[in-house]
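I opened this model to see how its chain is put together. These are my notes, in the order I looked things up.

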Amino acid sequence: MKLSFRIKHHFFSAFREFFVHHHGSLEFRAKIFALVIAANEQAKVESFVIVQDIAMNIYNGDTERANLLMISTKELVQKVRDNNGLNIDNLINNILHDLKIVPRYAKKIDIKALKLLTQLTYDEDTVSYQNNILEFLQTTKDEILDKK
């Protein structure tokens with residue numbers, strides 16, 4: 001990554017809510033991606049490349065937003081791995097809380113895109129765990145969208 005992007009990232013990290021358009025939406029998506037990635041203790045760097053590719057499609061080629069989503073996802077996964085006040089259960093609760101406050105975020109749960117992240121997992125138990133998470137997300141999405 002360019003040095004200018006790194007400097008901008010560190011600045012934006014501190015003040016992300018103020019400078020990033022639709023910050024809440026971006027953070028919600030980061031939580032969804034982080035949930036699936038963090039479920040795989042052996043997750044590889046390629047997971048974040050997939051997130052960035054998906055983000056490029058979501059944000060119509062906006063590299064800065066795609067990078068911000070990828071970095072936000074990476075930060076959340078690292079927090080889970082470091083046991084830094086965040087674990088998978090907390091992440092699920094955060095997602096459910098966000099959906100309760102902003103139900104339209106349910107439309108941002110793209111199971112097909114998230115499924116790409118499970119293709120990098122080779123352990124059967126981990127794949128099963130990730131698939132359970134995807135099923136949970138799909139059920140939650142369906143329930144919320146049916147209420148509308």
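I call a residue buried when its relative accessible area is under 20%, and exposed when that area is over 50%. The model is a predicted one.

**Entry: Val 36**

I started with Val 36, which lies in helix 2. Its relative accessible area is 0%, so Val 36 counts as buried. Next I asked what Val 36 touches, not counting residues up to four places away in sequence. I found Leu 114, Leu 117, Thr 118, Gln 130, Ile 133 and Leu 134. I also checked Val 77, which is 41 residues from Val 36 along the chain. The C-alpha atoms of Val 36 and Val 77 are 9.3 Å apart.

**Entry: Ser 25**

I stayed in helix 2, residues 23–38, where Ser 25 also lies. Is Ser 25 buried or exposed? Ser 25 has a relative accessible area of 9%, so I noted it as buried. I left aside its neighbours within four places in sequence and looked for contacts. Ser 25 is in contact with Tyr 105 and Lys 108.

**Entry: the whole chain**

I stepped back to the chain. I counted 7 helices and 0 strands. Along the sequence the pattern reads α-α-α-α-α-α-α. The chain has 148 residues, and 45% of them are buried. I then took the contacts between residues at least 6 apart in sequence. Of these, 70% join residues at least 24 apart.

**Entry: helix 6 and helix 7**

Helix 6 covers residues 111–118 and helix 7 covers residues 124–147. Their axes come within 10 Å and cross at roughly 170 degrees. Angles over 145 degrees count as roughly antiparallel, so helix 6 is roughly antiparallel to helix 7.

I listed the residues that meet. From helix 6 they are Ile 111, Leu 114, Lys 115, Leu 117 and Thr 118. From helix 7 they are Val 127, Gln 130, Asn 131, Leu 134, Leu 137 and Gln 138. I sorted this contact by class and got 6 nonpolar, 4 polar and 1 charged residues.

Then I looked at helix 7 by itself. It has 24 residues and reaches 35 Å from its first C-alpha to its last. That is close to the 34 Å expected at 1.5 Å a residue. Which residues of helix 7 are buried? They are Thr 126, Gln 130, Ile 133, Leu 134, Leu 137, Thr 140, Lys 141 and Ile 144.

**Entry: helix 3**

I moved to helix 3, residues 46–58. Its 13 residues reach 18 Å from first C-alpha to last, close to the 18 Å expected at 1.5 Å a residue. The buried residues of helix 3 are Ser 47, Phe 48, Ile 50, Val 51, Ile 54 and Ala 55. I viewed helix 3 down its axis. The buried residues fall within an arc of 150 degrees, so they line one face of the helix.

**Entry: Asn 60**

Last, I looked just after helix 3, where Asn 60 takes a positive phi of about 50 degrees. I marked this as a positive value in a residue other than glycine. Where does Asn 60 lie? It is in the loop between helix 3 and helix 4, the latter being residues 63–81. Asn 60 has a relative accessible area of 71%, so I noted it as exposed.

Technical notes: Residues are numbered from 1 along each chain as its sequence is written. This is a predicted model: local features need pLDDT of at least 70, side-chain atom pairs count only at pLDDT 80 or more; totals for chains, interfaces and linings use all residues. Side-chain values use heavy atoms; hydrogens and water are left out. Axes are lines fitted to C-alpha atoms, for helices over the stretch in contact, and angles run from 0 to 180 degrees between N-to-C directions. Helices (H or I, at least four residues) and strands (E, at least two) are DSSP runs, numbered from the N terminus. Angles under 35 degrees count as roughly parallel, over 145 as roughly antiparallel, 65 to 115 as roughly perpendicular and the rest as oblique. Contact means heavy atoms within 4.5 Å. Ala, Val, Leu, Ile, Met, Phe, Trp, Tyr, Cys and Pro count as nonpolar, Asp, Glu, Lys and Arg as charged, and the others, Gly among them, as polar. The expected span of a helix is 1.5 Å times one less than its number of residues. Buried means under 20% relative accessible area, exposed over 50%, partly exposed in between (1.4 Å probe, protein chains only). The arc is that of the directions from the helix axis to the C-beta atoms.
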